[in-house]
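Subject: A structure for you to look at

Hi there,

Here is the structure I promised to pass on. Please open it beside this email and follow along.

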Amino acid sequence: MREQLVVDWDGTVTEVDGLHLVLSEFGDVDVYEQAEERLGRSLTLHEVIAFEFETVRAPLSDVVAWVLENVRVRPGFAEIARRHRPLVMSSGFHELIDPVLERESLELEVRANRLDARPDGWRAIFRNAEACPVCGEPCKRSDVAGLGDFVYVGDGFSDRCVAQAATRVFARDGLAEYLDEVRFPYERYDDFYDVMRARDGAHVVPPGRSRGRNT
C-alpha cells in the first residue's frame with residue numbers, strides 16, 4: 001500500500017497564499033506585517049493568525065466570493081487529487097478552503113481551522129490547542145498521529161514540524177529554505193505535475209503540451 005499523500009493548502013495547493021491575499025484585501029496590512037515579523041520569535045503561529053484576522057470585518061459571504069474570483073489552485077492539483085485523494089491539512093479555514101474545492105469539483109478530506117466571522121473582527125477557532133512535544137506549540141503534527149507513513153507537500157512556516165515526521169517531503173519557498181537549514185532531505189517542486197512525476201515514476205504531461213513521438 002502506498003503512503004498517504006498529505007498536502008498543505010495556502011501557497012501549496014493554491015498558487016499564492018490565500019490567507020495573505022484575504023488579509024491584504026480585507027484586513028489591516030500594517031498589523032499583518034507586524035505580526036509576520038514576530039512569527040516564531042515572540043508570537044506563535046496561532047497567535048499571529050488570531051491577531052491578523054481580528055482586523056477582518058467584512059461579511060464572510062463577500063470574502064468567499066472574492067476568494068472564488070481571485071484564488072487559483074496550482075497546476076496539476078486536480079489531477080493528483082483525483083488520482084491519489086490527498087488529505088488537505090491547513091492552518092487556514094474551512095470556510096475559505098471548502099468553497100474553492102467545490103469550485104474545482106473536488107471532494108477531499110480537509111483538516112483545518114474554523115472561523116467565527118463577527119462584524120467586529122473575525123475570530124479563529126483552532127482545531128489543535130495542545131502544544132506539540134516536538135516544536136512546543138500547537139501544530140499540524142498532531143493531525144498525522146496514527147496515519148502511518150505519509151508523503152508531505154508544503155511551502156511554509158506551518159509545515160516545518162509536520163514535514164519532519166513524513167517519510168518523503170516535497171518542499172518549496174520558505175519550507176525548502178528551512179529544511180536546507182536543518183539539513184532535512186526533501187525534493188523541490190514547482191507544481192503538482194512535478195510531484196506526480198517523482199512519486200509515480202511516470203511521464204506526466206500537463207494539458208496543452210505535446211507528448212512527442214517517443215513518449
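Helices here are DSSP runs of H or I with at least four residues, numbered from the N terminus. This is a predicted model, where local features need pLDDT of at least 70, side-chain atom pairs count only at pLDDT 80 or more, and totals for chains, interfaces and linings use all residues. Residues are numbered from 1 along each chain as its sequence is written, and side-chain values use heavy atoms, without hydrogens and water.

The axes of α4 (residues 60-70) and α6 (residues 94-103) come within 10 Å and cross at roughly 45°. Axes are lines fitted to C-alpha atoms over the stretch in contact, with angles from 0 to 180 degrees between N-to-C directions. The pair is therefore oblique (under 35 degrees is roughly parallel, over 145 roughly antiparallel, 65 to 115 roughly perpendicular, the rest oblique).

Which residues of α4 and α6 meet? On α4 they are L60, V63, V64, V67 and L68, and on α6 they are E95, L96, P99, V100 and R103 (contact means heavy atoms within 4.5 Å).

Now look at α1 (residues 18-26), which packs against α4 at about 125°, with the axes 11 Å apart. That makes α1 oblique to α4 as well. L21, V22, E25 and F26 of α1 touch D62, V63, W66 and V67 of α4.

Happy exploring!

Key:
Helix = DSSP H or I, 4+ residues; strand = E, 2+ residues; numbered from the N terminus.
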